Amino acid sequence: NIAGTSVEAYVDALKQGGTYEEVGATILRGLTGDARIPVTGDNSVAWAATENAGAADGGAAFSSVTLSPSRLTSKVNVSRELLAQNGTGAEAAVLRDLGRATAEAIDQAIFNDSTISNAPDSIGATSGVGTFTEATFTGGSSCASDLIEAEQTLALAKALKGNMRYVVSPELIGQLKISAQVASVTPAMTTMNPGYVQMINGYPIHFSNGCGRSAGVNGHGYFGDFSNLYIGYWGGVDILIDPYTNADANQIRLILNTLVDWQLPQPASFVKFTSLVA
């Protein structure tokens, strides 16, 4: 009857956060107006027929993509009684979780197979991104073979250069970690410990729940030059603390708004693949 109760540090909700922040995307912060990104045309040269033959026109027109803000938003009501009894710890825990939820929502929208309603186009829904699907599953080898095929696809597209990385569904973790370069000797995937940069086929690999998957059937992934993923922010994660709207219910309201957009100036620098896991 006389034992005291203490409230310890808050345990955060389970959220992945933003894989897009780890892959080396080109991030533009502090934007005000729309941001236009010019893309150089594919110019060409040709062998001359004779010493004095005229040169053929090899020029190509420039193109561009434009970053325009889309709004990500949320509101959370917090009891004043909760804050009175728990100090600022409860409010800080909610704010921290809202930030992680924002990163997770952006991650889901970037790596999804199709565009999420009201969000910018996902990589998978961008016209010009290469794609292929594995035809036959072979345990311990076919999934890793898909990663190699992704490399070959970009090599043929003259796009195997830059900040090359894989981002794949966690559904593929098991198959990739048991795949071997030499059967029963050398694993294809190295530095397997979480918290470190994991490598496979000489390239970093990241796992994101934003990638599509069918549990126990397949998982989707991307391979490409992630410096060619342009992400623009108009301001940061803006959280307004409103003490008035719900004052009659003894609550304060936290209102989150984030303005963000992303584009692929060169979609052919990415390939999306589907790997079977069974």
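I began with the largest pocket: 13 residues line it, and A157, K158, A159, K161 and Q266 lie nearest its centre. I kept in mind that this is a predicted model. The pocket holds about 410 Å³ of space. I then sorted its lining by class and got 4 nonpolar, 5 polar and 4 charged residues.

K158 came next, as one of the residues nearest the pocket centre. I placed K158 in the loop between α3 (142–156) and β6 (164–168). Is K158 buried or exposed? K158 counts as exposed because its relative accessibility is 66%, and the cut-off for exposed is over 50%. I also looked up its backbone: phi of K158 is positive, near 60 degrees, and the residue is not a glycine. I noted this since most residues other than glycine have a negative phi.

I found a positive phi at N201 too, about 55 degrees, again in a residue that is not a glycine. N201 sits in the loop between β10 (198–200) and β11 (203–207). Its relative accessible area is 22%, so I logged N201 as partly exposed.

Last, I checked R253, in strand β16 (residues 251–263). Which side chain of opposite charge is nearest to R253? It is D242, at 5.5 Å. A salt bridge needs the two groups within 4 Å, so I recorded none for R253, although this residue is buried. I did find polar contacts for R253. Its side chain meets that of N77 at 2.9 Å. Another polar contact, of 3.3 Å, links the side chains of R253 and N246.

Technical notes. Residues numbered from 1 in each chain as written. Predicted model: local features only at pLDDT ≥ 70, side-chain atom pairs only at ≥ 80, totals over all residues. Heavy atoms only, no water. 1 Å grid on protein atoms, 1.4 Å probe; cavity = no way out; pocket = protein on both sides within 12 Å on 5 of 7 lines; lining within 4 Å. Points joined across faces, edges and corners; volume = space filled by probe spheres on them. Nonpolar A, V, L, I, M, F, W, Y, C, P; charged D, E, K, R; others polar. Helix = DSSP H or I, 4+ residues; strand = E, 2+ residues; numbered from the N terminus. Buried < 20%, exposed > 50% of the residue type's maximum accessible area, 1.4 Å probe, protein only. Lys, Arg positive; Asp, Glu negative; His and termini not counted. Polar contact = N/O pair within 3.5 Å; in protein donor to acceptor, adjacent residues only side chain to side chain.
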